[in-house]
Amino acid sequence: MTTRAIVMTGAVAIALIVSPLKAQQRATQPSKFTRAPMTQPPPSGEVEVLPVRGNVYAIFGAGANIVVSVGNDGVLIVDAGRAEMSEKVLAAIQRLQREWALRNEPRSGGFGAETRSSVAERHITAPPKPIRYILNTSADPDHVGGNEKLRKAGHTFTGGNVAGNIADATEGAAILAHENVLTRLSRGGEGQSAVPADALPTDAYFVDFYKLSHYFNGEGIQLFHVPKAHTDGDSIVHFRGTDVIALGDLMLSGSYPVIDVAKGGTINGVLDGLNRVLDMSIAEFRLEGGTLMVPGHGRLVDSADVAYYRDMLTIIRDRVEDQIKKGRTLEQVKAANPSGDYDTEYGSTTGPWTTANFIEAVYKTLGGGGRPKPDTTGGKAPAPARRK
Ligand SMILES: [Zn+2]
């Protein structure tokens, strides 16, 4: 975040001054797996695991980013990646579980000769705990593609140790999502076919939020619906103890948000969602650190990144809205280049989601292209966009 922080306002400039100090402190402390932003995506076809905080990890490279909670209660994952990556995701989860079991095994201390201790070996081969929950932040194939295989792995993971996990042994992991995700996945439509029954959410919520009824791996976990943002069925997931939020595609760290208009996405829904995330998050110092967020795609972010992203989108939204009020057509708005100063960082002229796609989605969801409204500015130049 430091390069972009250069163009930011006073508060973050101060954070820049203190960051060499923090870097110095980090250099003198042993790595504690507390924080490690990813800067490079893993090579295509490979997954990369990053410790986020405590027993919460992120898996990159399997489609959408996957957030994993590993611990005594088993495994909970947010999003499942693409179907063809499931084997690699499973292998990565199993490695995490074994590492976790090793780190958390209390030392017996009863061995006369330490070199003969078999504690490590026993736990390396112990059957990993099952995947108990899969939470889907949207119905996109790169988020739900792995549902079926990973859900069934919730069954096979129990191995010979099914006592107390009988429900899992017969049903596999529970899949939770907003009901619009369930509807979309079961019916198909909007360029997406219906998915097999085993890949469907087993539980759906339709109110503002949903919470797991008990602590899972030592913390409360809550899903919040963010209406009409990337789609109409988006959830963000808050790990309340480790203070990590999985953002789904509400935010993409390296590009403009994909506003899927056909599935009910809107620019104002994205902004409302980001503001909600900022309300939920608490920085460690100034705007840095503290609550850590895992976007649907891209690197780990913190409050400063989310605030910058929110401000950037607010400015672009206001510019487009201003043009719409003047009755400008989509082509005229595009020609006015309302995102010009951000395109180097977030824009794209190729691929499935270009800057032109983004501007079109903003324009449409603000009511552009409807009945032209009269120009009430009297032909004056547009006011400069608000900076916050
Ligand atoms: Zn995505």
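What follows is a talk about the labels on this predicted model.

Trainee: Let's start with the metal. What makes His-143, Asp-249 and His-297 donors of the zinc ion?
Mentor: Distance and atom type. A donor has to be an N, O or S atom within 2.8 Å of a metal such as this one. Here NE2 of His-143, OD of Asp-249 and NE2 of His-297 lie 2.0 to 2.1 Å from the zinc ion, so by that cut-off they are donors. Water isn't among the atoms, so the site may look incomplete.

Trainee: How are the donors of the zinc ion spaced along the chain?
Mentor: The spacing reads H-x105-D-x47-H. Asp-249 sits in strand S11, residues 244–252, and His-297 in strand S12, residues 292–297, so this pair ties together parts that are 48 residues apart in sequence.

Trainee: Now the helices. How do you know that H9 and H10 are roughly antiparallel?
Mentor: Look at the angle. H9 (residues 267–280) and H10 (residues 303–325) pack at about 155°, with axes 10 Å apart. Anything over 145 degrees counts as roughly antiparallel, and therefore this pair gets the label. The crossing of H9 past H10 is left-handed.

Trainee: Which residues of H9 and H10 meet?
Mentor: On the H9 side they include Ile-267, Val-270, Leu-271 and Leu-274, and on the H10 side Val-306, Ala-307, Tyr-309 and Leu-313 are among them. The residues of this contact divide into 10 nonpolar, 4 polar and 2 charged.

Trainee: Which strand holds Leu-76, and what makes Leu-76 buried?
Mentor: Leu-76 lies in strand S4, residues 74–78. Its relative accessibility is 0%, which is under 20%, so buried it is. Beyond its neighbours within four places in sequence, Leu-76 is in contact with residues including Val-67, Tyr-133, Leu-212, Phe-216 and Phe-239. The C-alpha atoms of Leu-76 and Ile-134 are 5.9 Å apart, although 58 residues separate the two along the chain.

Trainee: What makes the phi of Asn-217 worth a flag?
Mentor: Most residues other than glycine have a negative phi. Asn-217 is not a glycine, yet its phi is positive, about 50°. It is in the loop between strands S8 (209–211) and S9 (221–225). Its relative accessible area of 10% is under 20%, so Asn-217 is buried.

Trainee: Where is Asp-243, and what is its phi?
Mentor: Asp-243 is in the loop between strand S10 (235–239) and S11. Its phi is positive too, about 55°, and again the residue is not a glycine.

Trainee: Last one: how many helices and strands does the protein chain have?
Mentor: It comes to 13 helices and 12 strands. Of its 388 residues, 49% count as buried.

Notes: Residues numbered from 1 in each chain as written. Predicted model: local features only at pLDDT ≥ 70, side-chain atom pairs only at ≥ 80, totals over all residues. Heavy atoms only, no water. Donors = N, O, S within 2.8 Å, 3.2 Å for Na, K, Ca; no water. Helix = DSSP H or I, 4+ residues; strand = E, 2+ residues; numbered from the N terminus. Axes fitted to C-alpha atoms, helices over the stretch in contact; angles between N-to-C directions. Parallel < 35°, antiparallel > 145°, perpendicular 65-115°, else oblique. Left-handed = near helix turned anticlockwise from the far one by under 90°. Contact = heavy atoms within 4.5 Å. Nonpolar A, V, L, I, M, F, W, Y, C, P; charged D, E, K, R; others polar. Buried < 20%, exposed > 50% of the residue type's maximum accessible area, 1.4 Å probe, protein only.
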